[in-house]
Amino acid sequence: MAEIQGLKAVRKTLVRLACTDGMAFDLLPGLLARFRLQHPGVSFDLQVGSAMQVAEWIRRNDCDVAFQFSLAPERDVEIIAAWPAPVLLLLDCTHPLMQQPGVVMEDLHNYPLVLPEAGTTLRQLFDLSCRMTGTFLEPAFSSNNFSALYGFTRHTPNAITVCSHFSVLWRAPQDGMTLKAISNASLSQRTLQIQVPGSKHRPATVNTFLDITSQALDEEHRQWMAKLADA
């Protein structure tokens, strides 16, 4: 009955979400908190998994909405919205590389490198870029948990990790961290996608969440692109 009457009748509605690790760190907690300021009757359940797990959950209707970084369209999934999510360097604002205009893969040799585990879309693109440039880079620290990667980078002098600007949208400026592009076209192949199960009726709450979240990400991405243009 709440679905039929729309959001006005919703008191306790649960929206099931799934995402890959990078978005559970900063992006989704912030977006969900903002949404609940407008719609406090909506609750969320968030499951975090690998790209393969998230793709399977959305195909099986085990979640209402999925957020993930993708290299190609997923089968049997409807993409609500997508934004470019290039692989960027995450480093301290005082890092020596911040003074260097064009950073290439070879420049990373001189600093502690922090990388996600093999198999993630981010690591796949990073390793591909290394092979294409004939560069061998050994991480000082690797993990399947972005919080661990971020914490290690923050507390290790001159350390560098890699992520999308979406992964640290609000947290990085608070912590004195910043992002810097690498001069390598291969690192620009990912997109951040909002996905829903194909051919499935969506409740009013989910549609409202999709609309508000897409608008918020549109605005954040526009601000990021404007910041790059001014840099």
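How many bridges join β1 to β2, and in which sense do the two strands run? Seven bridges join them, and the strands run parallel.

1. Basis. This is a predicted model, in which local features need pLDDT of at least 70 and side-chain atom pairs count only at pLDDT 80 or more, while totals for chains, interfaces and linings use all residues. Residues are numbered from 1 along each chain as its sequence is written, and side-chain values use heavy atoms, with hydrogens and water left out.

2. The sheet that holds β1. Five strands form an open sheet of mixed pairing, in the order β2-β1-β3-β10-β4. Strands (E, at least two residues) and helices (H or I, at least four) are DSSP runs, numbered from the N terminus; two strands pair if DSSP finds at least two bridges between them. At the edges stand β2 (42-48) and β4 (77-84), each pairing on one side only. On average, direction ignored, neighbouring strands are turned by 20° against each other; axes are lines fitted to C-alpha atoms, for helices over the stretch in contact, and angles run from 0 to 180 degrees between N-to-C directions.

3. Pairings within this sheet. By contrast, β4 pairs with β10 (residues 191-197) in the antiparallel sense over seven bridges; V77 stands opposite P197 in β10.

4. Five of the seven residues of β1 are buried, so the strand is largely enclosed by the rest of the structure. Buried means under 20% relative accessible area, exposed over 50%, and partly exposed in between (1.4 Å probe, protein chains only). Helix α3 (residues 27-38) lies across β1 (13-19), β2, β3 (65-70) and β10, and runs at about 170° to β2.

5. The other sheet. Five strands in the order β7-β6-β8-β5-β9 form an open sheet, again with mixed pairing. β7 (141-143) and β9 each have a single partner strand, so one side of each is left without a neighbour in the sheet. Neighbouring strands are turned by 30° against each other on average, direction ignored. β6 and β8 pair in the parallel sense over two bridges, with I160 in β8 as the bridge partner of L113. α5 lies across β6 and β8, at about 130° to β6. α6 packs on the sheet, touching β5, β6, β7, β8 and β9, and its direction makes about 160° with that of β7.

6. Nonpolar cores. A nonpolar core is a set of buried Ala, Val, Leu, Ile, Met, Phe, Trp, Tyr and Cys residues joined through side-chain atoms within 4.5 Å. The largest has 33 residues, and L89, L90, L97, L108, F126 and V168 have the most contacts inside it. Elements giving two or more residues to this core include β5 (88-92), α5 (121-133) and α6 (146-155). A second, separate core of 26 residues includes L17, M23, F67 and L210.

7. Cysteines. With a disulfide taken as a pair of cysteine sulfur atoms within 2.5 Å, the count comes to zero. The sulfur of C63 is too far for a bond because the closest cysteine sulfur, in C19, is 9.9 Å away. C63 is buried, at a relative accessible area of 2%. For C130, the nearest cysteine sulfur is that of C163, 16 Å away; C130 also counts as buried, at 6% relative accessibility.

Definitions and conventions:
Contact = heavy atoms within 4.5 Å.
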